Amino acid sequence: MDVLQPRFPGVAAGRPHYESFYVTAAHPTSGDTFWVRCTVRKPPGAEPVGSVWFTHFRPDGPRAAKADGPVSTSATYPVAVGDLGRVGRDGASGELSVPGLRAAWDLAFSGDEEPLAHLPHARMYDAPVPRTKSTSPRPDMTVDGTVTVDGEEIRLEGWRGMLGHNWGTEHAHRWIWLRGAGFAEDPSAWLDVVIGRIRVGPVTVPWIANGAVSVGGRRTRVGGLGKRVAVTTRPDGVRVAVGGLTVEVDAPLARTVGWEYADPAGGLHQVRNCSDAGMRVTLEGRTLTTTYGAAYELGTPEVDRAVVMQPFPDR
């Protein structure tokens with residue numbers, strides 16, 4: 001399975017679909033992190049609409065922008081949204097201008113980490129459930145290039161990052177994404193886990209985790225069907241325990257960006273994302289810590305008024 005292959009060109013006209021290609025790049029010590037996302041949303045019977053999302057996370061708070069445009073695909077870029085942004089296996093580039101923020105980026109990716117298919121069986125990617133399919137074509141990579149925000153050019157040299165890709169007919173009822181890198185105790189270690197609760201008819205099933213953690217160059221699968229997951233959320237972070245892995249995240253609201261995510265067939269989720277979060281990982285008696293090298297995303301159908309939302313609707 002090509003985990004970066006775009007799915008939206010083959011979706012039938014009457015079916016709902018959404019798709020997301022996203023990139024993170026984090027400075028190892030300063031707290032500067034960039035998050036870029038190109039998405040496709042296709043309501044039933046309608047043409048697909050593309051969007052580019054950009055956030056510059058800093059210790060003093062995030063700056064964000066979003067714009068919509070026509071969507072296309074090519075051999076180099078599985079997704080491109082007009083002249084606003086494009087994402088491929090080896091890089092991403094784009095330029096956005098909205099009231100209060102101008103941003104441009106030209107990034108190159110390198111590294112030899114194998115792709116990660118979050119779901120444990122390939123056949124699950126063709127099944128109707130789960131309705132969201134998650135992969136990481138590059139779960140850990142090096143990012144070089146430049147980002148210019150409001151005239152200030154920032155050079156990225158050897159920043160840690162990842163490239164993700166997910167798609168489906170609707171978002172999970174509730175989800176958490178955890179990404180960790182830049183750990184002081186093992187600079188090569190990384191974590192990439194998606195946790196979700198889905199609705200089956202009137203029932204919301206318990207949390208299910210899928211992903212991997214790599215420590216000392218050894219990759220270990222996390223979660224799967226039948227694996228109990230304990231999740232404790234709080235306004236500024238989360239604690240997750242699954243199997244022998246425990247992850248604690250510190251994601252202050254002041255460093256968190258709030259977005260609206262729309263399901264293509266109707267319905268909205270409030271999403272909070274802190275991509276310069278702190279993380280503490282405990283696995284088999286070993287503890288790994290990072291001050292700014294983690295990402296925490298929480299999507300819920302409820303609205304938390306404490307989260308400052310961006311003024312960019314997704315509908």
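A residue is called buried when its relative accessible area is under 20%, exposed when it is over 50%, and partly exposed in between, using a 1.4 Å probe and protein chains only. Before applying that, please note that this is a predicted model, in which local features need pLDDT of at least 70, side-chain atom pairs count only at pLDDT 80 or more, and totals for chains, interfaces and linings use all residues. Residues are numbered from 1 along each chain as its sequence is written, and side-chain values use heavy atoms, with hydrogens and water left out.

Now to the cysteines. Cys 274 has a relative accessible area of 1%, so it is buried. Cys 38 counts as buried too, because its relative accessibility is 0%. A disulfide is taken as a pair of cysteine sulfur atoms within 2.5 Å, and a search of the whole structure finds zero of them.

Strands here are DSSP runs of E with at least two residues, numbered from the N terminus, and two strands pair if DSSP finds at least two bridges between them. Strand β17 (residues 208–215) pairs with strand β18 (residues 218–223) in the antiparallel sense, over six bridges.

Our last stop is Gly 293, in strand β24 (residues 286–300). Gly 293 is buried because its relative accessibility is 15%. Leaving aside residues up to four places away in sequence, Gly 293 touches Arg 179, Gly 180, Ala 181 and Ala 277, where contact means heavy atoms within 4.5 Å.

Notes: Helices (H or I, at least four residues) and strands (E, at least two) are DSSP runs, numbered from the N terminus.
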